[in-house]
Number of protein chains: 2
Amino acid sequence: MEKPIQFCPCCGNRVDYKIPLGETLPRHVCEQCETIHYQNPKLIVGCIPEYQGKVLMCRRAIEPRSGFWTLPAGFMENLETTSDGALRETIEETRAHVEIGPVYCILNLASFNLVYLFYRANLVEPVFGPTSESSEVALFGEEDIPWEELAFLSIRETLVRYFKDRKKNRYLLHQIDL
Amino acid sequence: MEKPIQFCPCCGNRVDYKIPLGETLPRHVCEQCETIHYQNPKLIVGCIPEYQGKVLMCRRAIEPRSGFWTLPAGFMENLETTSDGALRETIEETRAHVEIGPVYCILNLASFNLVYLFYRANLVEPVFGPTSESSEVALFGEEDIPWEELAFLSIRETLVRYFKDRKKNRYLLHQIDL
């Protein structure tokens, strides 16, 4: 979660927390330089890389949830697109170069101010390995998914829908609100 | 566009702009309280409200692009979901209460650090009107869309695809990278 703003990032003055004129929600406002500092949800972009029916996952080497398994995903950076971000995160966390496919789900974690965007992805060759962010990277068939060792509920909810859709060979776009 | 961070929002100290240990991109870093301040893209959520074949649009009463026509959309707030945000923005900009439908497009404006998410929406009753953010709110048939007076390229690109899909009665999920 983003920390509350105490000082103005523009001028260093202590900020107020109040409803600006013409708005409806309280914001961090600097009376000195008259800047309103908005805080908004952040986007986490990632993918579900598939290779010969198996899904590529990584064991987190960093907090939060170090040691637990996840899909490659991370905070979208400025100056990139959502799919570029998913591609970059996959390289950073698995060293795999994937082909990003269609959007698979939009997952809201409203109480954490997060929105996940997962793409389906094709792992063309089984080339991957650990990185500074992942202690282990591996392909899992549906039966082998480490359900008890998943890092986040968002990953479970995404994978459950994914395997269900895959059985029908019909991938819906899911909005999941947790 | 978000302003660059000059002072630490947590402690008010002047920040450095450098690559933190273990990272690859430069960040605003406070040496005093050791906080790394990330800046990430923001989500704009909105919808394409339809009533009897016509689309509800609003003429902007605020900058940027005051006086030009747009679809109801705005920055997603903390503690809400993407669809709740689209609903809220529609009320704020048109006074209309819509039924939010499926996601229609994800539009990346990478150079502005923005991601738009538009939903299809159903305007059940033709109840709408101007607000503090919109000087005029109106329903437009495809032939009447004010193409020369649209506020943003994102709106044009969304509407062009929308009407094309509507002719075929087959709404694809579009990713649009501008």
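Two residues are in contact here if their C-beta atoms, placed from the backbone, lie within 7 Å. What you are looking at is a predicted model, in which local features need pLDDT of at least 70, side-chain atom pairs count only at pLDDT 80 or more, and totals for chains, interfaces and linings use all residues. Residues are numbered from 1 along each chain as its sequence is written, while chains are lettered from A and ligands numbered from 1 in the order in which they are written.

How far does the predictor trust its own model? Its confidence in each residue is the pLDDT, from 0 to 100; chain A averages 95, and 99% of the residues score at least 70. For the complex, the predictor gives an ipTM of 0.92 and a pTM of 0.94.

Let us take chain A by itself for a moment. Helices (H or I, at least four residues) and strands (E, at least two) are DSSP runs, numbered from the N terminus. By that count chain A has 2 helices and 11 strands, and along the sequence they follow the pattern β-β-β-β-β-β-β-α-β-β-β-α-β. The C-alpha trace of chain A spans about 60 × 35 × 30 Å along its principal axes. Domain bounds come from an automatic or database domain assignment, which gives chain A a domain 1 (1–39) and a domain 2 (42–177). Taken over C-alpha atoms, the centres of these two domains are 35 Å apart. Among the contacts in chain A with a separation of 6 or more, 59% are between residues 24 or more positions apart.

Now back to the place where the chains meet.

How are the copies arranged? Copies are superposed by least squares on the C-alpha atoms of residues with pLDDT of at least 70 in both, and a rotation of 180° with 0.0 Å of shift along its axis brings chain A onto chain B with an RMSD of 0.0 Å. The two copies are therefore related as by a two-fold rotation axis. Both copies use the same surface, as 100% of the contact residues of chain A recur in chain B.

Next, the interior. A residue is buried if 20 or more other C-beta atoms lie within 10 Å of its own, exposed if 12 or fewer, and partly exposed in between. In chain A, 35% of the 178 residues are buried. A nonpolar core is a set of buried Ala, Val, Leu, Ile, Met, Phe, Trp, Tyr and Cys residues joined through C-beta atoms within 7 Å. The largest one has 74 residues, of which A:F118, B:C47 and B:F118 touch the most other members. Leaving out residues up to four places away in sequence, B:F118 touches residues including B:C47, B:L71, B:Y104 and B:T158.

A few individual residues deserve a visit. A:R161 lies in helix 2 (residues 153–168) of chain A and counts as partly exposed, with 18 C-beta neighbours inside 10 Å. Not counting residues up to four places away in sequence, A:R161 touches A:C105 and A:H174. A:E34 sits in the loop between strand 2 (27–29) and strand 3 (36–37) of chain A; this residue has a positive phi of about 60° although it is not a glycine, and A:E34 is exposed, with 11 other C-beta atoms within 10 Å. Finally, a cis peptide bond with omega about 0° joins A:E63 and A:P64, and A:P64 is in the loop between strand 5 (54–60) and strand 6 (69–70) of chain A.

Key:
pLDDT is the predictor's confidence in each residue, from 0 to 100.
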